Structure formats: structure tokens, C-alpha cells
Amino acid sequence: MRLRPGLAIDLGTVNTLVYVAGRGLVVEEPSVVAIDRATGGVAAVGAMAEALSGKEPEGIDVVWPLRDGVVADLEAAMLMLDAYLRRARVHRGLLRPLVVVCVPRGANWYERQVAAATVEERSPHCVVRLVEEPVAASIGAERLPSHDGAFVVDIGGGTTEVAVVAGGRVVRARSLRVGGNAMDEAIVHAVKATSGVLLGRRAAERLKISFGLSGGEIGWAEVTGVYAPWEGLRSVRVPGKLVADALEHAVGAIVTTV
């Protein structure tokens with residue numbers, strides 16, 4: 001019997017992952033929770049809550065509790081994490097369980113304390129250890145332990161971590177609060193400005209993946225969004241160059257940081 005189960009949690013801006021030693025990855029879900037205003041309880045979490053985003057039933061608030069890689073809404077984050085840990089069926093052993101939580105390199109002291117408090121509030125008998133994301137990325141890529149050094153570029157939803165890691169320690173690093181979300185938002189703004197159509201998060205993400213900075217092979221894609229003048233659905237052809245131009249600022253900032 002494992003007396004001190006190892007648990008790793010990645011509270012990401014877009015997705016949350018929970019890993020249990022001996023069982024592997026047990027939770028990989030969007031970092032979103034739907035809260036019932038009347039009771040304050042969880043109406044849905046993860047993919048089910050994400051499906052309600054933008055079309056919330058009366059009395060339901062859909063909350064993304066993390067922004068730029070750190071906890072922005074502590075109460076919502078604790079509700080979300082509680083649901084995920086219940087789903088993971090983590091049982092206490094005879095000793096205090098060790099929980100590893102990833103944090104961005106650029107997180108300040110307060111943001112790090114909030115990340116630890118989010119876990120400790122749900123599991124007050126655990127031992128929380130914070131690990132900076134570049135180190136975690138190096139371990140995941142099997143580059144540690146290594147005294148030669150590893151160059152890490154970790155582009156997440158809210159942050160981009162650029163670092164040199166050697167011997168399990170960060171030698172030099174820059175944390176940029178620009179990631180996939182900023183790219184998606186830039187595409188949403190560009191499409192709305194040129195066509196009046198407001199795209200959803202997933203539609204913008206598909207355009208980003210399809211075109212990137214190259215403009216794609218076809219050169220355009222058809223997507224559906226809400227047409228602002230009459231708030232009805234409308235399909236629009238989006239040029240690949242429009243997407244590339246929208247991504248240029250965020251990608252340029254990442255390249256400069258690298």
C-alpha cells in the first residue's frame with residue numbers, strides 16, 4: 001500500500017491536469033466551472049461547463065478562474081479543483097500526501113501563495129510543493145537531470161515560459177504573459193473588425209491552428225459566428241492573411257523573448 005501518494009496538479013489558464021503516481025493522468029479538462037447563483041454550488045465543471053459558455057442558463061455563471069497562468073478567482077478555483085479531485089478519487093494514506101503544483105516563473109509571491117492555498121483549502125492535510133513551469137517542462141521532456149542545460153520554450157494558454165534549465169534549476173528565464181489565449185482574442189477582434197461577425201473561442205482556435213503565420217494552403221476558411229447588427233448566426237470567409245496579421249504581434253513578442 002502506498003503510504004504517501006504523489007499527486008501533481010497543473011492549474012492552467014485553459015486546461016487543468018491532475019496526475020496520480022501509479023495511476024497516471026486521471027484528469028485533463030478545461031479550467032472552467034459553472035456555478036449556481038442560488039446555491040453557490042457547482043452546476044457543471046470542465047467540458048460540460050465549457051459547453052455552457054456564451055449561452056448560460058438563467059441563474060448560472062460560467063467562470064474561468066485562472067488568467068495568465070495564475071489563479072484570478074480563488075473561490076471558483078477551489079470549487080473547480082474540488083470537483084476534479086473528487087473525480088480523481090484521491091484517497092488519504094497514513095502519511096500526509098505530497099502535492100506538486102506548477103506555477104509560472106513570473107508569478108509573484110502573492111500569486112504563488114494563492115496557488116498553494118487553492119490546493120490546501122481542498123486538502124488541508126497535504127504537503128504542497130510549488131514547481132516552476134520551465135522545470136516541470138524539462139522533466140516532462142526527459143531533459144532532467146542534466147547538467148548540460150536544456151532550453152525550454154513553453155507556450156501555454158495564458159503565459160509563455162522561456163528558460164535555460166540545468167541540474168533541476170532555472171539558470172535564466174523570462175515569463176511572458178502572452179500565450180494561446182491572446183492569439184485567439186486577436187483573431188476574434190480582427191474578424192469582428194472586418195466582417196462584424198463575433199467568433200467563439202473554439203472557432204478562433206481552429207483558425208489559429210489551420211493558418212498560423214503561413215496563411216494556410218487554401219488561403220481562406222469558412223466559419224460561423226454571431227453577426228453583431230442583428231445578433232443572428234452568419235457564416236463568413238476568413239482569409240488566411242487576416243489570421244496571420246492578427247497573430248503577428250503575439251508571436252513577435254514570443255520570438256523577441258526567445
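Student: Take a cavity as a set of points, on a 1 Å grid over the protein atoms alone, where a 1.4 Å probe fits but cannot get out. How much space lies in the largest cavity here?

Tutor: About 50 Å³, where a volume is the space filled by probe spheres set on the points, and grid points are joined across faces, edges and corners. This is a predicted model, so local features need pLDDT of at least 70 and side-chain atom pairs count only at pLDDT 80 or more, while totals for chains, interfaces and linings use all residues. Residues are numbered from 1 along each chain as its sequence is written, and side-chain values use heavy atoms, with hydrogens and water left out.

Student: How many cavities of 30 Å³ or more does the count give?

Tutor: One.

Student: Which residues line the largest cavity?

Tutor: Leu 11, Leu 66, Gly 69, Val 70, Val 71, Val 101, Cys 102, Val 103, Pro 104 and Ala 115. A lining residue has an atom within 4 Å of a point.

Student: Which strand gives the most to that lining?

Tutor: S9, with three residues. Strands S8 (70–71) and S9 (98–103) each supply at least two. Strands (E, at least two residues) and helices (H or I, at least four) are DSSP runs, numbered from the N terminus.

Student: How does the lining divide into nonpolar, polar and charged?

Tutor: Nine nonpolar, one polar and no charged. Ala, Val, Leu, Ile, Met, Phe, Trp, Tyr, Cys and Pro count as nonpolar, Asp, Glu, Lys and Arg as charged, and the others, Gly among them, as polar.

Student: Change of topic. Where is Thr 159 found?

Tutor: In the loop between strand S11 (150–155) and strand S12 (160–166).

Student: Buried or exposed?

Tutor: Thr 159 is buried, at 4% relative accessibility. Buried means under 20% relative accessible area, exposed over 50%, and partly exposed in between (1.4 Å probe, protein chains only).

Student: What is Thr 159 in contact with?

Tutor: Leaving aside neighbours within four places in sequence, the partners of Thr 159 are Asp 68, Gly 69, Pro 104, Glu 133, Asp 154, Leu 176, Arg 177, Val 178 and Gly 179. Contact means heavy atoms within 4.5 Å.

Student: Glu 133 is in helix H4 (residues 133–140), then. Which residues of H4 are buried?

Tutor: Glu 133, Pro 134, Val 135 and Ser 138. The cover over the buried residues of H4 includes strands S1 (6–11), S9, S10 (127–132), S11, S12 and S13 (169–176). After H4 comes Glu 142, with a positive phi near 60°.

Student: And H5, what span should it have?

Tutor: Helix H5 (residues 180–195) has 16 residues and should span 22 Å at 1.5 Å a residue; its end C-alpha atoms are 23 Å apart, which agrees. The expected span is 1.5 Å times one less than the number of residues.

Student: What do the buried residues of H5 pack against?

Tutor: Strand S14 (197–198), helix H6 (201–211), strand S16 (232–239) and helix H7 (240–257). Among the buried residues of H5 are Met 183, Ile 187 and Val 191. Just after H5, Gly 196 takes a positive phi of about 80°.

Student: What about Glu 120, where is it found?

Tutor: In helix H3 (residues 109–122). Glu 120 is partly exposed, at 37% relative accessible area. Not counting residues up to four places away in sequence, Glu 120 touches Cys 126 and Val 128.

Student: Last one: how many helices and strands in the protein chain?

Tutor: Seven helices and 16 strands. Buried residues make up 44% of the 258 residues, and the C-alpha trace spans about 60 × 55 × 30 Å along its principal axes.

Key: On a 1 Å grid over the protein atoms alone, a cavity is a set of points where a 1.4 Å probe fits but cannot get out, and a pocket is an open set with protein on both sides within 12 Å along at least five of seven lines; lining residues have an atom within 4 Å of a point.
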